[in-house]
Every structure is written in C-alpha cells, then in structure tokens.
Amino acid sequence: MSDMKSVLSSFCTGVAVITACGADGRPVGMAVQSFSSVSLDPPLVCFCPARTSTTWPRIQAAGAFAVNILAADQQELCRRFAVTGGDKFAGVSWRAGANGAPVLDGVLATVECDTEAVLDGGDHAIALGRVTALTAHREGAPLLYFRRTYGRLPGAESGVEPRPLSSSAMSSSMAAARSRSEA
C-alpha cells in the first residue's frame, strides 16, 4: 500500500471541491483530487470518494452535485474542505448553482452534474455524474497536488467574467473535442 501511494504520488492531479445541498438544506462539500472527464457523449465526469468519508453519503443522497475546480491561490479553501467535520462553509462565499449545489466563489470553473451511477471501486466509490451545466469563471493557474504537496503552474491570474455554456454550445464544444480526441 505505501509503495502504491508513493509511486502514484508521481502523477500530478488537479484539485476540486465537490459540493451538494444536503437533505436538511445545508451545503456539504469535500475536497478531491480524483476528478476526471469520462465521456463526451453522453457528457460524464467522475470522482472517487473514500468509503470512509462522512460527507460522501450526504452528497450521494442529494442526487446532484457541483465540481468546483480550484485555482492555485485556493490552498486554504482546499484544506478547509479536506477535513472531516466542522462547518466547512463558515466564511466561504458561494451561491446555489442551477441544480441547487453550491458554486464556490473564486474557483476557476464549475461542472454541475446529476448523479448517473455509483460503482464499486474497492475502498473508494466511483461516482459518475452526467454534466448538466459548465461555467468557466476566471482564467488562472490550477491548484495541483503532486508528491503529497500542493503546487502550481505558471499562468495568467487575470479574472474573466463567468461564461456559462448553453446546451447547444456545450453540445458543439463536446462534438468539436470528440473530433480531435484519440482517448
């Protein structure tokens, strides 16, 4: 197990915060580094929460979630959502997305999803989400996780107004990506 963690820590990942609105109406969220695009047609993404997570059952029960892609300057926000317990949203600015899930202010982008399926992934679950909305909020470098520490890429840090994609724009964007993709 430690060899696996050590070797796989050589793979750099981005960091995101998965959020949802719990059955009690309160926001819930957790930091993940296991977020990935799965399919363009249908539009699917996935993340892999630990089976021991106390937040994951509340997100799963919501049936819809948002993936908030963190910027390089959001390490503290990541740490807040990486811990168990406490009010992770205290002092965090956010608004409800189209699906009701919290969209965190200042993130690079959000991907709103309906839960499509939850698969067995050993000591983790594999949560598949069907993309229902995409929004690029600003340009900038992503928050990265590499060899058990945070890192960043050099990049533009200027802000950009949110650009929600309409269903037709999302479809044509995915069609264009599909035509260029080999994976």
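My entries run from the overall make-up to single residues.

**Ground rules.** I am working with a predicted model, where local features need pLDDT of at least 70, side-chain atom pairs count only at pLDDT 80 or more, and totals for chains, interfaces and linings use all residues. Residues are numbered from 1 along each chain as its sequence is written, and side-chain values use heavy atoms, with hydrogens and water left out.

**Overall make-up.** I counted secondary structure and got four helices and 13 strands; these are DSSP runs numbered from the N terminus (helices H or I, at least four residues; strands E, at least two). Of the 183 residues in the protein, 36% are buried. My scale for that is relative accessible area with a 1.4 Å probe and protein chains only: buried is under 20%, exposed over 50%, and partly exposed in between. I then looked at contacts (heavy atoms within 4.5 Å). Among those between residues at least 6 apart in sequence, 64% join residues at least 24 apart.

**Nonpolar cores.** Here I looked for sets of buried Ala, Val, Leu, Ile, Met, Phe, Trp, Tyr and Cys residues joined through side-chain atoms within 4.5 Å. The largest such core holds 17 residues, and Ile18, Phe47, Trp56, Ile59 and Phe65 have the most contacts inside it. At least two of its residues come from each of β2 (16-21), β3 (27-32), β5 (43-47), α2 (56-62), β6 (64-69), β9 (109-121) and β10 (124-136). Another core lies apart from this one; it has 11 residues, including Val17, Leu77, Phe89 and Val92. I also listed the partners of Ile59, leaving aside neighbours within four places in sequence: Ile18, Ala20, Val28, Met30, Ala64 and Phe65.

**Strand β2 and its partners.** Five of the six residues of β2 are buried. I checked which strands pair with it, asking for at least two DSSP bridges between two strands. β2 and β3 run antiparallel, joined by six bridges, and Ala16 sits opposite Val32 in β3. Their hairpin has five residues between the strands, and Gly25 there takes a positive phi near 85°. For comparison, I noted that most residues other than glycine have a negative phi, and most peptide bonds are trans. β2 also pairs with β6, again in the antiparallel sense, over four bridges; in this pairing Ile18 stands opposite Val67.

**A cis peptide.** The bond from Asp41 to Pro42 is cis, with omega near 5°. Pro42 is in the loop between β4 (36-40) and β5.

**Aromatic rings.** How many aromatic pairs does a search of the whole structure find? I got four. The rings of Phe, Tyr and Trp (its six-membered ring) pair if their centres lie within 6.5 Å, with planes under 30 degrees apart counted as stacked, over 60 as edge-to-face and the rest as tilted. Phe47 and Trp56 are edge-to-face, because their planes stand at 85°, with the ring centres 5.6 Å apart. Both of these residues are buried. Phe89 and Trp94 are edge-to-face too, with centres 5.8 Å apart and planes at 65°. In that pair Phe89 is buried at 8% relative accessible area, while Trp94 is partly exposed at 34%. Ring pairs also link Phe47, Trp56 and Phe65 into a cluster.

**Cysteines.** I searched the whole structure for disulfides (cysteine sulfur atoms within 2.5 Å) and found zero. Cys46 is buried, at 14% relative accessible area, whereas Cys48 is partly exposed, at 24%.

**Arg138.** This residue lies in the loop between β10 and β11 (143-146). I looked for polar contacts, meaning N or O atoms within 3.5 Å; within protein, one must be able to donate a hydrogen and the other to accept it, and residues adjacent in sequence count only if both atoms are side-chain atoms. The Arg138 side chain makes one with the side chain of Asp73 at 2.9 Å. A polar atom of the Arg138 side chain also lies 2.7 Å from the backbone oxygen of Gly106.

**Val118.** I found Val118 in strand β9, partly exposed at 32% relative accessible area. Beyond neighbours within four places in sequence, Val118 is in contact with Trp56, Gln60, Ala125 and Ile126. The C-alpha atoms of Val118 and Phe47 are 9.9 Å apart, though 71 residues separate the two along the chain.
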